[in-house]
Amino acid sequence: MQEPELYDLSDDADYAASLQQESASVMMTRSDSGESTSSSMPEGAEVVYLKDNVTIHPTQYASEGIGGRLKLIKQGSSLFMAWIPYKGKIANARLSERDRSLYTIRAVPLTDVRSIRRYTRTFGWQYIIVVLSSGLAYPSLYFYNGGVKEFLATIKQHVFIVRSLEDANVFLVNDFQNPFQKTLYSLELPVSIASGPSASVSDGGEYPSFELQGRIDGSIREEIPGPSQNHGRQTHKSHDPARDLTIQVLEKFSLVTKFARDTSSQLFRESNSNGHGAIERSSSHSPPDISNDVSMDAKVAPGEGTVPSDPLEFDKMTLVWGKPRQPPLGSEELAIFLDSEGRVMDSDALKKRIFYGGAEHSTCKEVWPLLLGYHAYDSTYAEREYLKSTKKSEYETVKQQWQCISTEQAKRFTKFRERKGRIDKDVVRTDRTLSFYEGDDNANVNILRDILLTYSFYNFDLGYCQGMSDLLSPILFVMEDESEAFWCFVALMERLGPNFNRDQNGMHSQLFAISKLVELLDSPLHNYFKQNDCLNYFFCFRWVLIQFKREFEYKKTMRMWEVLWTHYLSEHLHLYVCVAILKRYRSKIMGERMDFDTLLKFINELSGHIDLDSILREAEVLCICAGENGAACIPPGTPPSLPTENENALLYTQEDEIL
């Protein structure tokens, strides 16, 4: 396929005009920063751009913002971006001082930035979204006093940046290849982490070694070139294929390791001016041992120091409040909840029963459409059959939209070719060890592909993102019908779709809520994460994105989903599950003084070692303990909250969004 020509910013009159403004801005920056710049940065570092009153809005309310200073700093051949919030200048009382630390952007090298999207409104302020190579994005940065043009023009002077031909408001950073092939597709799901020692680089920093050639449930995938190659690090083949269950995006976050953070602490010693000091971190950690899941929490290495006690006395509360799990709901018992025409007589009672026991495989086909909202609880057998018939016709209509695209049309339809290529690549490595999907020319794999392609046309704004095949696979396994599986998947994506939005606001809101819940339910653990630069909670990213799909065996994953879909105690129970897992291993995390990279590796290696029933019981206790205070920690609209009618039109928009 012929690659499109890149659009160079030098041809943009808009930016040519801004270069003159930028020169004046830089001169003002250097004179204004004066002593503080020279005193707080090492020799050779230079502030090339500085803008005050750049604001982040953690919530959807425009009145709740955190103002700060945006900087571009040049050191040698490297360019770094930082946003430091003002101390004690939070606009609204609902936002705590601690939010400053959570949203601070420290020393992000532009080599880790994938793209910058500019939003220019006819009425209102400009803002940008900075997207990392991993596909994650920082919160929107609002320029209330202008400065977006100068910001981009400054970057262009030091870093290769071009305007995307696909979207004139997207500027691709360091994109020397086809700019359409990487975007959100950097969320490669299953790869393995090598346990070998990290390799040194010339700068003296150390990077953990990661294997970027993994197996997907037993099938070999090709080697994926990643950031590790750019730094000259060697890759090591994993000695344990059973651990090939991590997500490349998490590995890419770990690539911003000691070198980047050491540079950060050197460049941004702002403790004298705004209270942000560098945090010392231990230089080395041994790989965590996850052989004994139950006893892990109690093990603390000798000499590691005393671990603060759990403020909730968690083990005792679990015994008192946590209810034991029940056997799964069977067909005969399900009939008790239905009247003669098939209506659910007490939906709350049914949800409670499934919450505490799940459902047998034989009943999932009836229960899952109800839990997902595809079928109404008060619908009859006849109404459900009629809906099935009409929805099948509707599905075939949407499916024909891509089936009728000719080869010649496809050559002129870049978006279709890209999405089809991603889907074709993903479905052949999704759950292939399961008998339902194993073998060459498997019909169910083809159906999986057709459903995902059809969904990319049904919801064209959202399209397809990696991870969706993991969410669809169990649904098709249960429903065993292409049309029914599609509509159940549509219902699920109504809840989880924001997880895959380009701006990643859905993911950020959930990670933010987890941080607040940990702060509420285990302040010593929260303080530990704060001291070790772990408040972004990116180590929970995989849990949230695909709903613990990679943490449990296939059937246990389905049991987990059934519990979450009931919304019995909370529609955000999955956030309490995250907190429960962290609390279960708090003694090991804090006792071994894990830094971000060690913690990330440890969390990844928990896959297959977490006891589902115990974690669900502990999550239930946490949800009860948190009560209204816990609900207040979760911003309105946080997935999987269903959108209101007014929100629905903006749920997947990829253009300008309103706070």
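**Aromatic pairs.** I searched the whole structure for aromatic pairs and found 31, where rings of Phe, Tyr and Trp (its six-membered ring) pair if their centres lie within 6.5 Å, and planes under 30 degrees apart count as stacked, over 60 as edge-to-face and the rest as tilted. I note that this is a predicted model, in which local features need pLDDT of at least 70 and side-chain atom pairs count only at pLDDT 80 or more, while totals for chains, interfaces and linings use all residues. Residues are numbered from 1 along each chain as its sequence is written, and side-chain values use heavy atoms, with hydrogens and water left out.

**F413 and F460.** I looked up this pair and found the ring centres 6.4 Å apart with the planes at 35°, so the pair is tilted. The pair links distant parts of the chain, 47 residues apart, with F413 in the loop between α13 (407-411) and α14 (414-427) and F460 in the loop between α15 (443-458) and α16 (468-479); helices here are DSSP runs (H or I, at least four residues), numbered from the N terminus. I then checked exposure, for which buried means under 20% relative accessible area, exposed over 50%, and partly exposed in between (1.4 Å probe, protein chains only). F413 counts as partly exposed at 27%, and F460 is partly exposed at 34%.

**Y458 and F486.** I recorded Y458 as partly exposed, with a relative accessible area of 36%, whereas F486 is buried at 0%. Y458 and F486 belong to one aromatic cluster, together with Y395, Y455, W487 and F489.

**Charges over rings.** I next looked for a charge over a ring, meaning NZ of Lys or CZ of Arg within 6 Å of the ring centre and within 35 degrees of the ring normal. K391 lies over the face of W487, at 4.1 Å from the ring centre, and R325 lies over the face of F355, at 5.9 Å from the ring centre.

**Cysteines.** My search of the whole structure for disulfides (pairs of cysteine sulfur atoms within 2.5 Å) gave 0. For C625, the closest cysteine sulfur is in C623, 9.4 Å away, which is too far for a bond. I recorded C625 as partly exposed at 24% relative accessibility, whereas C404 is exposed, with a relative accessible area of 56%.

How values were computed. Helices (H or I, at least four residues) and strands (E, at least two) are DSSP runs, numbered from the N terminus.
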